[in-house]
Amino acid sequence: MQLRKMMVMLAAVSSMSLALTACGDDATTVESCTSDTDCSSGFCNTAAGVCMDTCESGSDCPDTEKNCDVLAGSGKTQKVCQCQTNQLCNSGDSTDLVCGTTSKRCEEPGSTPAACTKDADCGAGNTCNTATGVCSPAATTCTGEGKATCAYGSACYSGTCSAPPAPTCENYQNFSNKAALGTTGPIIFKVATGTVTTDTTFCTAATPKRVKINISAYSDTAWPATSAELNGLFYVVVDGTPKAPSISSSSGNYTVSGQRADIVANLCVASTSNTASLGYYFTGGNFFCYQANY
């Protein structure tokens, strides 16, 4: 009888030990998610793919994640428990946890995405707040032109973020290297006809009319200092053949302002020519069709 009691007591102690271990594991496990419905708390940090505990004040949060505040860049108003420093994350028995820049949870290094530095680091339809390193949904309305506050690959047109015009010209239809296009390279958002002159110094006698084509584009990658260093920009003729555009090295033909570059490409045509079907693209970027009338 005594032996049986002892065995029962040992079994009970063993069960308790397992239960405590399980509880400890649960306390340090971070739920993964893609939407709020994946989380028992009802709050998913979609930028990091982890669930977060909601709170009203710091007293609702564990000591390691005591900052109860709205999650920057989430677009949500509910406060959540967030870590603040690596030191506080290791205030218990842990020694190698870090405060995730994106997750705002105490985590093993590299367990969630690193902070973004450019829009290309974020998912489709998101932009990077480079000050906080947090990805958040891009705006749908905007002011000005170019990228503005739009997602990478879109541009601001009449106050609305939308993709540049889809290419339908013959230049694009006959262009065989469509694999060179994409949405991560420089994005051309506007093309316009500039000045038209007769210039037999720049052009040949057979094609004396010089037409300047103004190309506006933006890029997450820094633009080169001069047009001579500009690589990956192509002019596509009607039969689909890509060629290097003619860009003068003189002042005013290549202007960079932040992410934006304004480039003046030259077209030499016959004196009787008054229209041309044009195509331009950067490697990894969009194809922009333009019918120049001059």
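Colleague: Which strand does Asn126 lie in?

Modeller: Asn126 belongs to strand β7, residues 126–129. Helices (H or I, at least four residues) and strands (E, at least two) are DSSP runs, numbered from the N terminus.

Colleague: And what am I looking at, before we go on?

Modeller: This is a predicted model, in which local features need pLDDT of at least 70 and side-chain atom pairs count only at pLDDT 80 or more, while totals for chains, interfaces and linings use all residues. Residues are numbered from 1 along each chain as its sequence is written, and side-chain values use heavy atoms, with hydrogens and water left out.

Colleague: Thanks. Back to Asn126: what is it in contact with, sequence neighbours aside?

Modeller: Leaving out neighbours within four places in sequence, Asn126 is in contact with Asp119, Ser136, Pro137, Ala138 and Ala151. Contact here means heavy atoms within 4.5 Å. Asn126 counts as partly exposed, at 23% relative accessibility. The scale runs like this: buried is under 20% relative accessible area, exposed is over 50%, and partly exposed is in between, with a 1.4 Å probe and protein chains only.

Colleague: Let's talk rings, then. How many aromatic pairs are there?

Modeller: The rule is that rings of Phe, Tyr and Trp (its six-membered ring) pair if their centres lie within 6.5 Å; planes under 30 degrees apart count as stacked, over 60 as edge-to-face and the rest as tilted. By that rule there are nine aromatic pairs. One of them is Tyr152 with Tyr218, an edge-to-face pair at 5.2 Å centre to centre and 90° between the planes.

Colleague: Which parts of the chain does that pair tie together?

Modeller: Tyr152 is in the loop between β8 (134–137) and β9 (155–157), and Tyr218 is in strand β12 (residues 209–218), so the pair links parts that are 66 residues apart in sequence. Tyr152 is buried, at 15% relative accessible area, and Tyr218 is buried too, at 1%.

Colleague: What kind of pair do Phe175 and Tyr281 form?

Modeller: That pair is tilted, with 5.0 Å centre to centre and 50° between the planes. Phe175 sits in the loop between α3 (170–173) and β11 (187–198), and Tyr281 in strand β17 (residues 275–282), so this pair ties together parts 106 residues apart in sequence. Both residues are buried. Ring pairs also join Phe175 and Tyr281 with Tyr172, Phe234 and Phe287 in a cluster.

Colleague: Which charged residue sits over the ring of Tyr172?

Modeller: Lys178 does, with its charged end 4.7 Å from the ring centre. Elsewhere, Arg210 lies over the face of Phe202, at 3.8 Å from the ring centre. A charge sits over a ring if NZ of Lys or CZ of Arg is within 6 Å of the ring centre and within 35 degrees of the ring normal.

Colleague: Now the inside. Which residues touch the most others in the largest nonpolar core?

Modeller: Ile188, Ile213, Ile215, Leu278, Tyr280 and Phe282 do, in a core of 24 residues. Such a core is a set of buried Ala, Val, Leu, Ile, Met, Phe, Trp, Tyr and Cys residues joined through side-chain atoms within 4.5 Å.

Colleague: Which strand gives the most to this core?

Modeller: β16 does, with five residues. A second, separate core has nine residues, including Cys169, Tyr172, Val236 and Tyr281.

Colleague: How are the strands β14, β13, β17 and β18 arranged?

Modeller: They form an open sheet in the order β14-β13-β17-β18, with antiparallel pairing. The edge strands are β14 (242–243) and β18, each pairing on one side only. β17 and β18 share seven bridges, and Thr275 stands opposite Asn293 in β18. Two strands pair if DSSP finds at least two bridges between them.

Colleague: Last topic: what is the phi of Lys104?

Modeller: It is positive, about 60°, although Lys104 is not a glycine. Most residues other than glycine have a negative phi. Lys104 is in the loop between β5 (98–99) and β6 (106–107). Ala148 also has a positive phi, near 50°, and its place is in the loop between β8 and β9.
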